[in-house]
Amino acid sequence: NLLPFYFSEHDIWRHIDCSDLAECLPNILSEMQSLHESEISLLAQKNYNMETLHTRFSKAKRLLLNYLHPNFPEQLQEHGLRALGRDNNKIQKSLFQTIQSQVQAKTISLGTGKSYFEVVRWLMAYLGLQPTDAYRISMQRYQRHAKRAKLEKTYSDEELVELIFHLEKAFAVATESKTKVALLFAKIQIKTCWNTAPLCG
């Protein structure tokens, strides 16, 4: 019941344990295994990477166990993932309405809500079914707030000069290799302005 994901850039395997899905929805686990096999074999042709794929499977499992199975067990057992597209997308609309309500109530973040919507649309595309366009959630207000928050967290020129001075000073007296690497990492990040993930890569 493990779905394996190989991250070649780090030479590590990560797995998603689907034992809980096997207990309540064995038919859907079988579909998820087929989808996993298909996605892994065609990943080189996709516009997303292994990290995105792993995240999509994790969120699909969460949606199935926490949102869909508690409310629609019979439909899922009878029709599998295709239940999402039956009766004019009835289950899908109910799911989107729940997610939209949780975002508005701030029970889940807007980013999480958007990612859930994307996962459902991804599943529908795989099944060759039409996703519903109901219960949208907007990113515009979120992006405005995020941009403002980002600007508020930015160093001033004076703070940056002071920070670099202390980095250089610390590097000059550092003796341990771990400390030197950490300080070099900070220095490179300041000079390049790269995001942490690609810099780590």
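1. Start at the hairpin of strand 1 and strand 2. Four residues lie between the strands, and Asp11 there takes a positive phi near 55°. Strands here are DSSP runs of E with at least two residues, and helices are runs of H or I with at least four, numbered from the N terminus. Strand 1 and strand 2 (residues 12–17) pair in the antiparallel sense over 6 bridges; pairing requires at least two DSSP bridges. Tyr6 stands opposite Trp13 in strand 2.

2. On provenance: this is a predicted model, with local features needing pLDDT of at least 70 and side-chain atom pairs pLDDT 80 or more, while totals for chains, interfaces and linings use all residues. Numbering runs from 1 along each chain as its sequence is written, and side-chain values use heavy atoms, leaving out hydrogens and water.

3. Strand 1 (residues 2–7) has alternating side chains. Leu3, Phe5 and Phe7 point to one face and are buried (under 20% relative accessible area; exposed is over 50%, partly exposed in between; 1.4 Å probe, protein chains only).

4. Helix 6 (residues 110–127) passes a length check. Its 18 residues should span 26 Å at 1.5 Å a residue, and its end C-alpha atoms are 26 Å apart, so the two agree. The expected span is 1.5 Å times one less than the number of residues. Buried residues in helix 6 include Tyr116, Phe117, Trp122 and Met124.

5. Asn89 lies in helix 5 (residues 86–104). Asn89 counts as buried because its relative accessibility is 11%. Setting aside residues up to four places away in sequence, Asn89 touches Leu84, Met124, Gln130, Pro131 and Thr132 (contact: heavy atoms within 4.5 Å).

6. Leu183 lies in helix 9 and is buried, at 15% relative accessible area. Beyond its neighbours within four places in sequence, Leu183 is in contact with Leu167, Ala170, Phe171 and Ala174.

7. The largest pocket holds about 430 Å³ of space. Of its 13 lining residues, Tyr155, Gln189, Ile190, Cys193 and Trp194 are the closest to its centre. Helix 8 (157–173) and helix 9 (177–192) each give two or more residues to the lining; helix 9 gives the most, with 3. A pocket is an open set of points on a 1 Å grid over the protein atoms alone, where a 1.4 Å probe fits, with protein on both sides within 12 Å along at least five of seven lines; lining residues have an atom within 4 Å of a point. Points are joined across faces, edges and corners, and the volume is the space filled by probe spheres set on them.
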